[in-house]
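Q: Could we go through this structure together? I would like to start with what the words mean.

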Amino acid sequence: MIAESLGCDVTPGHARATHRRPVPGANPPTVLPFPPRGFASAMDDDEAALVERARTHDASAWSVLYRRHHAAVFRHVLYLVGRSNVAEDLTQETFARALVSLPSFVGRSSFTTWLHGIALNLVRTNYRSHERATRAQDHLSRIHATHGASVEPE
């Protein structure tokens, strides 16, 4: 449908451009508006200013960053772990580690990317520790079952 309105011949397997005129009365291709120049950089500048203020131990700047990113980090972690109580704990740990590590944030990525990276690392660590605990429990169960079988009187 979109390809046809742009003047493309759509055949199974490929689409190729044709030189047909648009059909009268057909919807013209949708042109997505872009934000004005400087819009994205203004948002980035605001975020960078908040991060710099938070680095200088400005609690109000950290509070704004926390409120701005908490919901997105929680949703991301919840999607990965599947349990809200674990996601809440990992989200809080993410922000605690971010606050402690804020001086090491050099800005090679956006603050939100850095924050989600911390969250992802915590999810991985949580998964690994859960897997180790499960393996240890299975191992102990096997030892107990083997020990119980060999101790029984004949």
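Predicted model: local features only at pLDDT ≥ 70, side-chain atom pairs only at ≥ 80, totals over all residues.

Q: Good. Which residues of helix 3 are buried?
A: The buried residues of helix 3 are Ala-61, Trp-62, Leu-65, His-69, Val-73, Phe-74 and Val-77.

Q: And where does helix 3 bend?
A: Helix 3, which covers residues 59-81, bends at His-69 by about 45°. His-69 is also one of the buried residues of this helix.

Q: What comes just after helix 3?
A: Gly-82 follows, with a positive phi of about 80°.

Q: Let us turn to Thr-94. Which helix is it in?
A: Thr-94 belongs to helix 4, residues 84-101.

Q: Why does Thr-94 count as buried?
A: Its relative accessibility is 0%, so Thr-94 counts as buried, the cut-off being under 20%.

Q: Which residues does Thr-94 touch, leaving aside those up to four places away in sequence?
A: Thr-94 touches Val-73, Leu-115, Ile-118, Ala-119 and Leu-122. Val-73 is among the buried residues of helix 3.

Q: New topic: how much space lies in the second largest pocket?
A: The second largest pocket holds about 260 Å³ of space. Its lining has 15 residues, and Asp-44, Glu-47, Ala-48, Ser-110 and Phe-111 are the closest to its centre.

Q: Which helix supplies the largest share of that lining?
A: Helix 2 does, with 7 residues. Helix 5 (111-151) supplies at least two. By class, the lining has 6 nonpolar, 4 polar and 5 charged residues.

Conventions:
Residues numbered from 1 in each chain as written. Heavy atoms only, no water. Bend = angle between axes of the 7 residues up to and from the residue. Helix = DSSP H or I, 4+ residues; strand = E, 2+ residues; numbered from the N terminus. Buried < 20%, exposed > 50% of the residue type's maximum accessible area, 1.4 Å probe, protein only. 1 Å grid on protein atoms, 1.4 Å probe; cavity = no way out; pocket = protein on both sides within 12 Å on 5 of 7 lines; lining within 4 Å. Points joined across faces, edges and corners; volume = space filled by probe spheres on them. Nonpolar A, V, L, I, M, F, W, Y, C, P; charged D, E, K, R; others polar. Contact = heavy atoms within 4.5 Å.
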